Amino acid sequence: MAVTFDNILGQPHAKAFLNRAFVHRRISHAYLFVGAEGTGKAAMALEFAKALLCTGTEKGSQPCQQCVDCRHIAELNHQNLVFWFPHPKSAKEADLQAVRASMIEQPYAFKKPWPNATISIDTVRGLKRELGLKSHQGRSRVIVITDAHCMTAEATNSLLKILEEPPEQTYFVLTSDRSDQLLPTVISRCQMLRFNQIGVADLEDGLRVIDGHDDTLKRQAARLANGSMRRALELLDEDMLALNGHAVELMRATFKSPSQSAIFALELAQKYDKASIQQILENLLLWLRDALLILNLDAEQAKAHVTNENEMETITRFVERAPLFDFQQAIREIEISVEMINRYVQPGLVLTVMLNKLRQFVQARSAQHAA
Amino acid sequence: MSYLVFARKWRPTVFSEVVGQEHVTVTLENAIKSDRLASAYLFSGPRGVGKTTTARILAKALNCEKGPTTTPCNECTVCKEITQGNSIDVLEIDGASNRGIDEVRNLRESTRYTPAKSRNKVYIVDEVHMLTNEAFNALLKTLEEPPPHVVFIFATTEMNKVPATILSRCQRFDFKRIANLQIVQQLKTICEHDQIKIEDSALHLIAKKADGSMRDSESLLDQVVSFCGTEVREADVADLLGLVQQELFIEIGEAVREKDLGKIIEIAQRVYEHGLDAGSLLQGLNEYLNNVLKLKVTGATGHLLGLEAFHGQYQQHAAAFSEIDLIRSIQVVAEAAAVIKRSMNPQLQLENTLMRLAKMSPAVELSKLLTGIEELKKKTVVTEIPRTELKLIPEIDPKRVSRSLFARISAGQIGTDDRKSNGSEEQLLMPDSTEKVTLDEIKTAWPKIVAAVKAKKFATGSFLQEGQLTRVLDNRIDVVFKESNGFNVASLNDQRRLIQDIILEMVGKRVLLHCISGALPAPTEPEPEAQAEPPIPDELESALADADAEEKLVDMEPVKQVAAVDFSVADKLVESLDGELIRS
């Protein structure tokens, strides 16, 4: 008797943990899955629900994925499954349906079209009323709350009592990529499971079954996705190589005159949308990491760890030209830029400012070096 | 029946079982014994320390069929009903869900009716901080003078959100965080009862992670037991909780000491692959550094609880690093820990932080640095004659004053004036001023110089461009700026060394750059720059200047006016008191 969660990429840790909980028959009534976006938290929550509710096999063993219950859970319309995601009150039913459809089709590409939406206290009150009744067919109930940090303060607080002492056979699974925004009183009531970035090899496995795109492209996507399957999938749909090229060009622009780099920044901002620019910046971070490794390690060691293997020469040249480049500050600046773009500051402006700062790091340090 | 987590299974049912809150339970017991119960209580404290639990016990103690008693029986129907949460006289209300004024009005209505079958009507309002303002205010009257059979018990984690008018009507009990040892004791009892074998060090780990909360520690124990079964080892706990084991910190400390960057990357990689949380790794690393520092400072190992196996390594590391380096490392790690939480690429941050630690050069202790400076001062004491003293010395060391100046002084053309020291002092700052530079020379080279500065530092170059090259005096170049450009002057003076180096490169002579913010007719509050070193020499010195410079002087009429006042004594004062000069 074991539940192996084969559908989930990577996460050996979380899989083993949940499996043991089934084996030892010590399933807690509340779990909190935390980890970066695209690491499979929601997907795992559904698999967990299947393991609890599957009728195709013996209770508490590998879900069959074929029985009515398993299929209904996969389609998010099981009667004993509650699946929440933050959405504005005014959202149309069709839009909500589209979000659900994206989750059904590919759990890792769960679309979140409303970045600032919340889960309101009314939703929680509704749940409490429902939980006051007996469950359908008297079986287990699973409540999946994705992005639990998006609950309003009122909603979170009103969940506390029921989260601590739910009726029998009720299981909560909360997921969040910002666990620092959750109340300590919530965390204290749950068993917290950490979801890590998915390894490159696991991502490649996951991408293999996706139709279209050739293998080299998939490999590249896996490397650049920073451990997020969702990111990897998005990368496949974007012109990934071009984006990575732009990251290098951004770095080059720091050696050019302010006006030239400003023009370059504005061009980029015109050409790409917010998400792509963020990806470019993320690639830039990876590129800087490579530079840091090349700077500090000998060639052999560096080669084993770098992301952009085929660009090692360019990176080496950069390291030589700006030997005292302040990586700490640069990384900070880039991360701030990403956050600003997230907050709807004009990307062109953000990029220009960022390039100016980076130029200072390149030049100030090299001037010091010369002196 | 489905599995019940430890936190619920082991919820205390009598006062004596409540861990670590004696100041509350004893008080309540005495109140019951002496029949001095208040009509409203407020329990506050961090999560999971026993607020709701104590509230329920108090309700039972009041309503138990054998009571009122300090030890509710937990067997009579009333007690059982309270435990199950379906007593009609003890109402446990979720303040967060029922937070509006309407709910409170209903509650007030219901207080008027006497209890159905027990002595008191007890209202337990949990998460009371979430009530709306109106709801709180609607409660006030009832709360102050409730019917005799009513007892209110409020529980909250955030007392600061409860209005003062409510607080003053309640007896307040602040629940404390529970000491680690008490938590360990309680967990041990649970494990013994459930026949779970667990290492003491594992319990310590759990207690530490729980941060004084009993529920947290019980949830963690639950988590651990559901993973490991009936035998739990420390390594499992660390692994499961994403805690980093001591060995890893020792290893990092080792690599930092050896400055082995390859090893550091390898460790970071391992951390990533094992799915350890970079943030908690840094937190742990900080704790480790702290422990080493404490060990170094106190020389005692008493604070290393549960780390007995590592005393040797700790001692080695304490010997290997200096105090100041440890403190600096702690700073670096703490900064990184704050940043990493919001970081997109935690692995990168982690690698960078660890590499920074390894590359940090050992700090020179401040005291040593100071003695060094003192010694240096002694050696160069001759060059540091204060201006006022100079006044008393009629003879000026001929070697220190430029030849022409000395010649003129000795020829009796000029008297020794204290203000001259200004010039000579600045000259002393440039020991290798052998060749004099002329204004023409500088003037022709000026555009090139500005361009060169611009190439090195764009901003500095463009600031410099604004200035007007006015004259050269004993290898001191005066550049005058409009008064509104005070900021430029300040930043130029910061960069003086850079510009001087460039001039040396271009003209081949070492000069002293002097940037002056030309104040127009005596300003009420001069630029700080102007106070620090009265920039404009007096007529006397200008008389000494080259003929070219004298011509130029016409252009700087306004500047001269400022200089006409003698500030030398005031300057000295300002300097030694680190103050600011305010002229009236």
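# Briefing: chains A and B

In this predicted model, 45 residues of chain B are in contact with 45 residues of chain A. Contact means that two C-beta atoms, placed from the backbone, lie within 7 Å. Residues are numbered from 1 along each chain as its sequence is written, and chains are lettered from A in the order in which they are written. Local features need pLDDT of at least 70 and side-chain atom pairs count only at pLDDT 80 or more, while totals for chains, interfaces and linings use all residues.

**Where chain B touches chain A**

- Helix 10 (214–228), helix 13 (261–273) and helix 17 (346–359) of chain B each supply at least two residues of this side. Helices (H or I, at least four residues) and strands (E, at least two) are DSSP runs, numbered from the N terminus.
- Helix 10 of chain B gives the most, with 8 residues.
- This side of chain B divides into 14 nonpolar, 16 polar and 15 charged residues. Ala, Val, Leu, Ile, Met, Phe, Trp, Tyr, Cys and Pro count as nonpolar, Asp, Glu, Lys and Arg as charged, and the others, Gly among them, as polar.

**Nonpolar cores**

- The largest nonpolar core has 210 residues. Such a core is a set of buried Ala, Val, Leu, Ile, Met, Phe, Trp, Tyr and Cys residues joined through C-beta atoms within 7 Å.
- Its largest share, 13 residues, comes from helix 13 (residues 274–296) of chain A.
- I153(B) and I206(B) have the most contacts inside this core.
- Not counting residues up to four places away in sequence, I153(B) touches Y41(B), F43(B), A55(B), L58(B), V122(B) and I124(B).
- Another core lies apart from the largest one and has 25 residues, among them W446(B) and F481(B).

**Two residues with positive phi**

- Most residues other than glycine have a negative phi.
- Y344(A) has a phi near 70 degrees. Its place is the loop between helix 16 (327–342) and helix 17 (347–370) of chain A. Y344(A) counts as exposed because it has 9 C-beta neighbours inside 10 Å.
- E127(B) has a phi near 50 degrees. Its loop runs between strand 3 (121–126) and helix 6 (133–144) of chain B. E127(B) counts as buried because it has 25 such neighbours inside 10 Å.
- The cut-offs within 10 Å are 20 or more other C-beta atoms for buried and 12 or fewer for exposed, with partly exposed in between.

**A sheet in chain B**

- An open sheet of 3 strands has the order 8-9-10, with mixed pairing. Two strands pair if DSSP finds at least two bridges between them.
- Strand 8 (468–473) and strand 10 (512–518) are the edge strands.
- Strand 8 and strand 9 (residues 476–482) of chain B pair in the antiparallel sense over 5 bridges.
- Q468(B) stands opposite V480(B) in strand 9.
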